[in-house]
Amino acid sequence: MLQHFTYLAPKTRAELHSVLANEGAAASLLAGGTDLLVNVRAGLVHPKVVVDTKKVEDFAGIAWSERDGLVIYASATINAVLGDAKIRSDFPLLIACAHDLASHQIRNRATVIGNVVNASPCADMAPALLCLGAHAVISSKRGEREVSFSAFFKGVKRTAVAPDEVVERVVVPAASAGGRGGYYKLKRINGHDLGIVGVALCIDRGGEMRLTVGSCAPTPVLIDGLEASLPADAVVAKVLAAISPISDVRATKEYRSHMVEYYVRRLLDEVRS
Amino acid sequence: MKIRVTINGALYEREAPETINLLHFLREYVGLTGTKEGCGGGECGACTVLLDGHAVNSCLVLAAEVDGKSVRTIEGEADDGQPSALQQAFAKRHAVQCGFCSPGVVMSARALIERNPKPNVEEIKEGLEGNFCRCTGYVQIIEAVLEATGQEASTQERSDA
């Protein structure tokens, strides 16, 4: 038995916004539940109200258009991303990151947006969304606003989302389609494990190279605006200057730095060849 | 709250707390104890069931979320007391030792076979990566899935599982 809470499943945005406006921080949003229910069970969070967002109309699915880009809605699971034909053909970095997230069972429930709003430094979807220049569309009773992922993460488990707000969708710009990219995550076992370090790299059609490093700072770190042809030593130097790894139970900072360099060089070889 | 859910083809209606997860709902309110609780936190896969055909960890799903949906558990595998071909392959290939993980492994394998009728060894490993077995060492489990899908199961590298 889990701790006590009230379960609500609003069917419209307006209903959801009202619940959040009334309950604020006493409400926890439930999308896939693969983080929330673990935290509830462990007693790390004590929501008064658990608000299931999966029944909200207009929160389902993944859409693509040249005008709006790639839109991933709040209820879209990781396996929905992996099964989407447009993402498979034009967003290889999203596929690589989604593929590395946890296990098949978790990917059937976990959502892209749930992964980023939890704001773990090792969140697998953050590197892809940062590298691809995506933004979040956040709404509340007060209105709607857009926040770029480069301004989204505020610290370990902290984001730009206020307690009365919900991330409705993420938008990957159409200009990021057709780029090249890859992702490596160091972990002890396949399946589910917290990443020790993660490195994503993409080169868009315009020739800009961007990298994101996970698990090496309080938030995922984006290094952007690089020329696609920049020599590997210079790329490594820029990346290592941007991160601030610590030693903890999973690895030392020296090992993390070493593996980040290794993955950067490997990705440069693979993505640029 | 009242929860209505179709389990292995039969409709169940139960009054249960809204805080209960699907795993405990199945075990304590429906009496289907084949689904096991291992870690209770989505790591081990012992509690795997199919929710609308997709493998999920039933410990990480609230019973309230499955109201109106369809669930399949290990009890739905056998047909009139006769083990399914998948279960028979697990027995034949010695893919069961203590057996605690087996209901979850079989349900993950079931979901895998339904989306990919002839999975290769890599696909089997990926499909079952969310299921821990601490006895068999996985080789026999992989062979059982190969066997159940009509594939040669004895030529696999025993060391790379």
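**View 1. Chain B meets chain A, with 25 residues from chain B and 22 residues from chain A in the contact.** Two residues are in contact if their C-beta atoms, placed from the backbone, lie within 7 Å. The model is predicted: local features need pLDDT of at least 70, side-chain atom pairs count only at pLDDT 80 or more, and totals for chains, interfaces and linings use all residues. Residues are numbered from 1 along each chain as its sequence is written, while chains are lettered from A and ligands numbered from 1 in the order in which they are written.

**View 2. β4 and α4 (121-127) of chain B face chain A, each supplying at least two residues of the touching side.** Helices (H or I, at least four residues) and strands (E, at least two) are DSSP runs, numbered from the N terminus. The largest share of this side of chain B, four residues, comes from β4(B). By class, the side has seven nonpolar, 13 polar and five charged residues. Ala, Val, Leu, Ile, Met, Phe, Trp, Tyr, Cys and Pro count as nonpolar; Asp, Glu, Lys and Arg count as charged; the others, Gly among them, are polar.

**View 3. Chain B is assigned domain 1 (2-76) and domain 2 (85-148).** These bounds come from an automatic or database domain assignment. The C-alpha centres of the two domains of chain B lie 21 Å apart. Their contact takes 14 residues from domain 1 and 13 residues from domain 2.

**View 4. On domain 1 of chain B, β3 (48-51) and β4 (54-57) each supply at least two residues of the side that touches domain 2.** β3(B) gives the largest share, three residues. This side of domain 1 divides into seven nonpolar, six polar and one charged.
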